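Visitor: I am new to this structure, and I would like to learn how to read its features one at a time. Could you take me through them slowly?

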Amino acid sequence: MPEHDTGDYAAFCAVEHQLGILFRRAQALSARMRSKVHPELEPGAYGLLSSIDRNAPIRPSDLAACLGVGKATISRQVKVLEELGLVGREPDPLDRRAHRLVLTPQGRQLLDRVRTARQQQLYSLLSSWPTEDVWLLARMLERFNALTERSLLAEPAPGQEHAEPDQARISPG
């Protein structure tokens with residue numbers, strides 16, 4: 001155990017425990033929702049489609065750097081999305097050898113459907129909370145995501161250069 005005040009350290013242990021629960025439950029909820037939307041979607045497909053949507057058109061190598069994963073991982077995941085008709089490629093006007101990724105109309109429709117379902121699920125879960133608590137949760141998650149993003153950017157995936165942040169901002173409540 002690091003040399004910290006035991007009360008302070010207990011708080012960090014509680015956060016670690018709660019994050020573990022959150023991540024496991026989020027994976028289970030995502031898997032359930034994913035299977036309803038499209039049975040062939042991989043676990044990271046929603047995040048990948050969202051990132052392509054936010055950054056399109058984007059080169060696969062830039063997408064890999066943005067997400068902090070290897071190029072081979074992105075290539076494999078994008079191939080599945082292309083085979084499902086959710087992502088397309090367009091020539092890069094700056095480099096005829098390269099291509100950029102964009103959502104297809106089917107990909108846009110699926111992303112919108114999944115996003116709406118996720119938002120409805122969150123609303124169902126959090127609707128009993130006061131709105132200011134929901135905003136507080138959003139701001140705290142934003143702060144935590146910024147910390148983890150900086151950590152990922154400081155130590156990119158093997159074979160990756162430092163990436164530009166891929167961050168959504170929370171509007172003040």
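The dialogue below takes up salt bridges, then a strand pair, then a cavity.

Guide: Please keep in mind that this is a predicted model, in which local features need pLDDT of at least 70 and side-chain atom pairs count only at pLDDT 80 or more, while totals for chains, interfaces and linings use all residues. Residues are numbered from 1 along each chain as its sequence is written, and side-chain values use heavy atoms, with hydrogens and water left out.

Visitor: How many salt bridges does the structure hold?

Guide: A salt bridge is a side-chain nitrogen of Lys or Arg within 4 Å of a carboxyl oxygen of Asp or Glu. The structure holds nine of them. In one, Arg 115 pairs with Asp 53, and their closest N and O atoms are 3.8 Å apart. This pair links distant parts of the chain, since Arg 115 lies in helix H5 (residues 105–126) and Asp 53 in helix H2, 62 residues apart; helices (H or I, at least four residues) and strands (E, at least two) are DSSP runs, numbered from the N terminus. Both residues also belong to a network of salt bridges that links Asp 53, Arg 108, Asp 112 and Arg 115.

Visitor: Is Arg 115 buried, partly exposed or exposed?

Guide: Buried means under 20% relative accessible area and exposed over 50%, with partly exposed in between (1.4 Å probe, protein chains only). Arg 115 is partly exposed at 25%, and Asp 53 is partly exposed at 23%.

Visitor: Which strands run antiparallel here?

Guide: Two strands pair if DSSP finds at least two bridges between them. Here, six bridges join strand E1 (residues 87–92) to strand E2 (residues 95–103), and the two run antiparallel. A hairpin connects E1 to E2 through two residues, and Pro 91 stands opposite His 99 in E2. The side chains of Glu 90 and Arg 100 meet in a salt bridge (2.8 Å, N to O), with Glu 90 in strand E1 and Arg 100 in strand E2.

Visitor: What lines the largest cavity?

Guide: On a 1 Å grid over the protein atoms alone, a cavity is a set of points where a 1.4 Å probe fits but cannot get out, and lining residues have an atom within 4 Å of a point. The largest cavity is lined by Glu 42, Ala 45, Leu 48, Gln 77, Val 80 and Leu 81. Helix H2 (45–55) and helix H4 (71–83) each give two or more residues to this lining, and H4 gives the most, with three.

How values were computed: 1 Å grid on protein atoms, 1.4 Å probe; cavity = no way out; pocket = protein on both sides within 12 Å on 5 of 7 lines; lining within 4 Å.
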